[in-house]
Amino acid sequence: MRRAAWLLVAPAVALVVVLFVMPYANLLVMSFFTPATTAPYEPTVTLGNYKVALADSFQWRVLWRTLKLGVLATVATLMLGYPLAWNLARASGRTKAALLVLLLSPLLVGVVIRSFGWMVLLADQGLVNSLLRRSGLAPGGFKLMYNEFGVLVGTVHIFLPFMVLSIAGALENIAPDLPLAARSLGASATKAFWRIVVPLSLPGVFAGCLLVFVLTVSSYVIPVLLGGFKVITTPLLVVQTAVDVSNWPGAAAQAVVLFAASLACIGVYVSLMNRAMRGLSG
Amino acid sequence: MTRSKLAHGAFLLLIVALYVFLIAPIVIVVLASLNSGRFLVFPPEGFSLQWYVKFVNSRAFMRSFMFSLKLAALTTVIASVIGTAAALYVVRRARQSTTLRLLLVAPLQLPGIMTALALLIFYYAVGLGGTTYLGLLLGHVLVCMPYAFLTVSAVLYNFDRSLEEAARSLGAGAWRTFARITLPLIKGGVLSGAVFAFITSFDQFPISLLLGGVGTTPLPVQVFDYLRFSFDPTAAAVGTLNIVITLIVVIVTERLVGLESLYWGGQR
Amino acid sequence: MAGIQLRGLTKRFGSVVAVDDLSLDVADGELIALLGPSGCGKTTTLRTIAGFETPDAGEIYFGERRVSDLLPEQRRIGMVFQNYALFPHMTVAENVAFGLEMRKTPAAALRERVAAVLAKVQLTGLEKRYPRQLSGGQQQRAALARALVVSPDVLLLDEPLANLDAKLREEMRFYVRSLQQEVGITTVYVTHDQAEAMVIADRIAVMFAGRIHQLGAPADIYHRPATATVAEFIGLTNFIEGKVIGQHGALLNVDTSLGVLTCQGSLPSPDARPMLLVAVRPEALRLSAPSGSPPAENRLDGAVKARAFLGNIVDYRIAVSPSVVLRVQGAPHDSFAVGDRVAVTFEPAAAWSVPSREDTA
């Protein structure tokens with residue numbers, strides 16, 4: 001029993017190694033193969049896929065839009081998420097439980113259904129526009145989806161709970177005495193918030209932003225449904241290339257470029273945040 | 001004093017608005033499914049169950065619905081067993097091994113759509129073919145197992161091992177100790193992991209999109225295909241049904257182990 | 001510098017009265033310890049003085065200045081928290097400078113004052129360290145420095161030594177006391193540790209259930225606890241219930257189930273119940289062999305029921321009647337064994353009377 005204990009973990013490890021590590025390794029290898037017309041690929045090594053992925057101005061524009069949407073969604077989520085997190089961290093007992101239910105229940109509904117909810121709200125003949133028209137505020141209505149705005153709204157909605165939980169966790173870890181100590185030393189409530197609470201919540205902000213950015217640049221359903229194929233992002237392009245054009249090496253190279261680009265963004269971000277958080281870690 | 005009260009009121013208003021934003025699309029889906037018109041407009045056009053009738057009469061939707069339920073059930077069982085076993089080993093025998101822990105939750109770290117693509121190409125490379133039931137099931141197990149692993153681990157970290165030692169000192173063998181002491185005490189973690197796994201599988205989209213085949217289309221993909229080209233409130237009926245099933249699962253779990261354990265992995 | 005006056009301070013949390021109509025005068029430069037078990041309201045009192053809690057009734061003055069309606073940052077206090085509450089994202093120097101910054105102290109003066117106060121608490125050289133890089137004792141001194149550098153009107157300390165290990169805690173008691181005397185600042189010191197309060201305080205206010213049961217110098221509190229509750233909280237006490245039957249000067253004769261005992265005290269007022277408790281500390285009781293000729297006054301005969309050797313003393317439990325067991329602490333040399341018959345005696349001056357529990361409950 002004791003000697004065979006590793007058997008417990010063996011199935012899980014096998015699952016992840018065979019169906020996760022190996023496929024991604026395969027994807028990396030695939031990105032160096034040659035696209036073919038009769039089969040999805042031809043096993044001849046080439047750098048051509050990367051040349052296409054990096055040289056093509058259309059692909060650049062798509063990548064740029066993907067990263068831009070990632071940054072915008074992250075900033076918007078942070079700005080909406082911080083007040084929610086602050087409110088949640090200070091609640092207690094039943095109120096807190098109720099707020100958690102409200103916050104987390106959207107996570108239990110699939111992304112397709114939630115996107116559909118936004119479609120009902122944002123469509124040209126949707127609820128928001130019908131309200132705007134009837135009230136006479138905007139007789140022509142607004143174009144609220146099948147554009148970047150719609151994608152942004154859907155994205156922020158889906159990832160907001162992650163940001164809130166991440167920041168609330170950091171806020172709850174701040175000893176309640178710390179802002180009080182600042183008050184006892186003559187800081188106003190506002191000053192205590194900006195000088196003590198905000199800096200100490202940065203680790204949560206950091207983690208939340210990272211998560212939202214990574215999730216946004218790789219999201220697929222929302223750009224398709226709320227962008228209506230008018231907002232092409234790299235994940236869409238990857239799937240199109242792989243499934244519709246059956247160019248696997250090309251799709252693999254695009255995926256690798258997206259990973260590399262988001263890693264680069266994350267790298268810049270991490271070094272910036274590390275400077276801001278120098279007393280907090282370790 | 002009045003100024004700070006005003007600021008406080010404005011802040012509370014903002015919080016309420018944000019929660020409305022969070023809940024709105026879900027409430028809207030339910031409302032749209034009961035609306036008689038094609039579009040939900042203001043004022044509402046009237047109450048109707050026609051979209052539900054349309055759903056039940058749609059062979060494609062019903063087939064996908066049943067298929068998704070069965071797939072999620074099977075995925076949950078496999079993922080829970082594998083994930084629980086792995087958690088037992090990692091927490092008890094390899095507490096220090098960060099590598100092992102990171103490896104087991106890695107499927108949650110990379111985007112599902114990329115994992116799906118990698119799997120599609122990989123299946124083809126090993127000769128499993130692109131879209132088989134086995135391939136789809138394994139893909140689902142892959143992205144659901146980490147939830148079971150994480151929730152059970154969370155419970156096991158707080159598990160007082162002297163309880164097991166007490167059972168052993170009273171003459172219970174290793175298996176009996178596991179069955180009578182350990183399992184009942186980590187039940188909350190196992191169940192909440194299973195709920196997460198079930199919901200993740202039932203709502204799973206990217207894996208299903210690329211690995212689901214003809215006749216084996218899970219429900220979210222069926223809805224997605226529908227919405228891609230048309231705006232049909234039948235999707236709202238499906239969505240409402242989906243929400244109801246999720247609610248039932250959550251409520252049943254709550255009755256069994258308490259809702260907190262869903263969020264905290266049975267830690268509190 | 002200023003004294004502190006609390007007038008009829010009351011604070012409720014829901015139906016719980018945490019501080020109950022509490023009045024207290026702290027003289028200029030005095031250190032008063034609020035001593036009591038957890039939940040007695042001592043911390044709430046301190047937090048109300050600091051302005052973190054709003055009292056439901058009552059007034060707070062620092063000297064002539066009424067501070068009840070002021071925000072914490074307007075009260076000119078220095079506070080040391082139980083966990084020190086050092087800002088983890090700031091260095092020691094930045095922590096200490098924070099209060100001066102809030103007061104818009106010019107940079108040169110700020111640097112000078114930070115350096116001076118750090119020298120005073122012997123932290124020179126550690127300015128650039130972060131709090132987590134300091135030992136418990138150093139963190140404690142940094143917190144003191146941060147509170148003192150702004151020259152506050154009053155210093156408030158909330159169990160400042162509770163998180164230190166036992167040995168360091170004893171050293172820090174003397175350190176905090178000498179620092180406070182050097183600065184001469186009016187101080188309120190909250191603690192649940194009676195020994196700490198004895199060492200550190202000019203006067204001790206013993207609190208139970210939101211009220212001050214007794215206010216006095218440490219020796220008075222120990223030797224003449226005003227109530228049975230105070231006596232029990234501060235050290236060990238034997239109580240014997242009885243009824244006053246006579247008074248001779250400062251001494252009372254009390255008729256108890258163990259015979260007539262003589263103790264210090266004054267006759268209860270005529271309308272009060274004549275029942276009271278004779279209180280006597282275990283170390284004031286003496287044991288002797290009954291065969292000798294112990295004095296007849298305040299003599300109780302009994303048998304050793306249990307005996308524990310504690311190093312510097314021996315702790316006995318003596319059954320003096322089927323229902324009364326006395327704690328007696330004696331020097332290790334007068335040794336009695338379990339089962340020995342003994343005579344327990346005490347000086348009338350070493351015993352005193354407190355109201356019986358029904359009267360104070």
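1. Ground rules. This is a predicted model, where local features need pLDDT of at least 70 and side-chain atom pairs count only at pLDDT 80 or more, while totals for chains, interfaces and linings use all residues. Residues are numbered from 1 along each chain as its sequence is written, chains are lettered from A and ligands numbered from 1 in the order in which they are written, and side-chain values use heavy atoms, with hydrogens and water left out.

2. Who touches whom. There are 2 pairs of chains in contact, and chains A and B share the most contacts; contact here means heavy atoms within 4.5 Å. Chain B and chain C don't touch, their nearest C-alpha atoms being 11 Å apart.

3. The B–A interface. Chain B puts in 74 residues and chain A 77. About 6,900 Å² is buried between them, with 85% from carbon and sulfur atoms; buried area is the accessible area (1.4 Å probe) that two parts lose on being put together, summed over both.

4. The A–C interface. Here 23 residues of chain A meet 24 of chain C, and about 2,100 Å² is buried, 61% of it on carbon and sulfur atoms. On chain A, Ser184(A), Leu185(A) and Arg195(A) lose the most area to chain C, together 31% of what that side buries. The count of salt bridges is 2, and one pairs Arg195(A) with Glu101(C) at 2.8 Å, N to O. H8 (177-184) and H9 (189-217) of chain A each supply at least two residues of its side, with H8(A) giving the most, 7 residues. Helices (H or I, at least four residues) are DSSP runs, numbered from the N terminus.

5. The second largest pocket. It holds about 2,000 Å³ and is lined by 45 residues, of which Trp86(A), Arg90(A), Arg183(A), Ala189(A) and Thr190(A) lie nearest its centre. (On a 1 Å grid over the protein atoms alone, where a 1.4 Å probe fits, a pocket is an open set of points with protein on both sides within 12 Å along at least five of seven lines; lining residues have an atom within 4 Å of a point.) H9(A) gives the largest share of the lining, 9 residues. By class, the lining has 29 nonpolar, 7 polar and 9 charged residues.

6. A link within chain A. Glu148(A) and Arg65(A) form a salt bridge, closest N and O atoms 3.4 Å apart. Glu148(A) sits in H7 and Arg65(A) in H3 of chain A, so the pair ties together parts 83 residues apart in sequence.

Key. A salt bridge is a side-chain nitrogen of Lys or Arg within 4 Å of a carboxyl oxygen of Asp or Glu. Grid points are joined across faces, edges and corners, and a volume is the space filled by probe spheres set on the points. Ala, Val, Leu, Ile, Met, Phe, Trp, Tyr, Cys and Pro count as nonpolar, Asp, Glu, Lys and Arg as charged, and the others, Gly among them, as polar.
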